[in-house]
Amino acid sequence: MIVEIPSNCPVACICEGGAETAIINILLDAGKLIFKSSQLIEDEPLRRTSGKEFCERYLKKDFESKVYVIRVIDSKRENFKITQQYKSKIEQVIDVVTSPEIEMLIIISEGMYDDYKNSNYKKPSEYCKSKLKIKYVKSPSYYQDKFGNDVDFLIKCIKEYSRVHKQDEDKATLYDLIKK
């Protein structure tokens, strides 16, 4: 999916959890995303929220242009309804799906993708904990330690995951948010 965000438009980047937030922050800090930190409506990624709560909390403000909403989530079917009175403030809602889980980046970084695919583990996080012996695989600090000093390695892992995992055409991936 091609994702384009004009450099003068505000962005609400909503992340499912701490690991997703850590990944987005690493990429933001390195200037590798198609939007900049200065475009974020709260100067940082937002915590996961419902559409109604998001509207009430963040869209009461006036913006110079319509807001792009980027949702970094692991579910393709998660419902996010924008309240009718705020629809005119939204340019686009972009779902960036990290299905099945953001932990796939860890598996790829360890060169264990094929092993995971051939295993009986249903969730990548379970594989990371049991097979790779990573206790704190959901911890933001783990992702910061793993990728924070090597953003190019992170991008390589994101690109590889995009290559091996086919996404629905109407959903974006982390790779779609990276500057080309």
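I number residues from 1 along each chain as its sequence is written, and my side-chain values use heavy atoms, with hydrogens and water left out. Since the model is predicted, I need pLDDT of at least 70 for local features and 80 or more for side-chain atom pairs, while totals for chains, interfaces and linings use all residues.

**Count.** I looked for a side-chain nitrogen of Lys or Arg within 4 Å of a carboxyl oxygen of Asp or Glu. That rule gives me 13 salt bridges.

**K61 and E42.** I get 2.3 Å between the closest N and O atoms of this pair. K61 sits in the loop between α2 (51–58) and β3 (67–73) and E42 in the loop between α1 (18–29) and β2 (46–47), so the bridge ties together parts 19 residues apart in sequence. My helices (H or I, at least four residues) and strands (E, at least two) are DSSP runs, numbered from the N terminus.

I also checked accessibility (buried is under 20% relative accessible area, exposed over 50%, partly exposed in between; 1.4 Å probe, protein chains only). K61 is partly exposed at 37%, and E42 is partly exposed at 31%.

**D95 and R71.** Here the closest N and O atoms are 2.7 Å apart. D95 lies in strand β4 (residues 90–97) and R71 in strand β3, so parts 24 residues apart in sequence are tied together. I find D95 buried at 15% and R71 buried at 2%.

**K138 and E103.** Their side chains meet in a salt bridge at 3.1 Å, N to O. K138 is partly exposed at 44%, whereas E103 is buried at 2%. I also see both in a salt-bridge network with E101 and K123.
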